[in-house]
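Work through the exercises below with the sequence and the model at hand. Each task is followed by a stepwise solution.

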Amino acid sequence: MGIIAWILIGLLAGAIAKWLLPGKDPGGVIVTMLIGIVGGLLGGWLGKVIFGVDSIDGFFDLSTWIAAIVGSLILLVLYRAVTGNRHSHRHA
């Protein structure tokens, strides 16, 4: 698959991950898109390493989408764990 296909899958996988794990995240839409793109790559890599399957066969293969969404969910949870306590609280 080409880089454009990975960007599209990543964008959609990030949106699906955000829908599955609702909540307010610091960073907004741009960060969610980046998490989706990197999460898609992570999911494909984990599928190869852990299960020994080629989970990135093609744009319309179910395994590609599942791998991308799972990778995005993992990154979203990690992102929330790292940035969750970084909000600055102002006291009057």
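A patch is made of residues with over 30% relative accessible area and no salt bridge, like charges being joined within 9 Å and nonpolar side chains (Val, Leu, Ile, Met, Phe, Trp, Tyr) within 5 Å. A salt bridge is a side-chain nitrogen of Lys or Arg within 4 Å of a carboxyl oxygen of Asp or Glu. Areas come from the Shrake-Rupley method with a 1.4 Å probe, and for residues only the protein chains shown count as cover.

The model is predicted: local features need pLDDT of at least 70, side-chain atom pairs count only at pLDDT 80 or more, and totals for chains, interfaces and linings use all residues. Residues are numbered from 1 along each chain as its sequence is written, and side-chain values use heavy atoms, with hydrogens and water left out.

**Exercise 1.** State which residues make the nonpolar surface patch.

Step 1. Leu62, Ile66, Val70, Ile74 and Leu78 make the patch, of about 450 Å².
Step 2. Isoleucine 74 lies in helix α3 (helices are DSSP runs of H or I, at least four residues, numbered from the N terminus).
Step 3. Isoleucine 74 is partly exposed at 33% relative accessibility (buried is under 20%, exposed over 50%, partly exposed in between; 1.4 Å probe, protein chains only).

**Exercise 2.** Is serine 72 buried or exposed?

Step 1. Serine 72 also belongs to helix α3.
Step 2. Its relative accessible area is 0%, so serine 72 is buried.
Step 3. Beyond four places in sequence, serine 72 touches residues including Ala13, Gly14 and Gly39 (contact: heavy atoms within 4.5 Å).

**Exercise 3.** Find what leucine 20 contacts beyond four places in sequence.

Step 1. Leucine 20 sits in helix α1 (residues 3-20).
Step 2. Its contacts are Ile69 and Leu73.

Note on methods
Helices (H or I, at least four residues) and strands (E, at least two) are DSSP runs, numbered from the N terminus.
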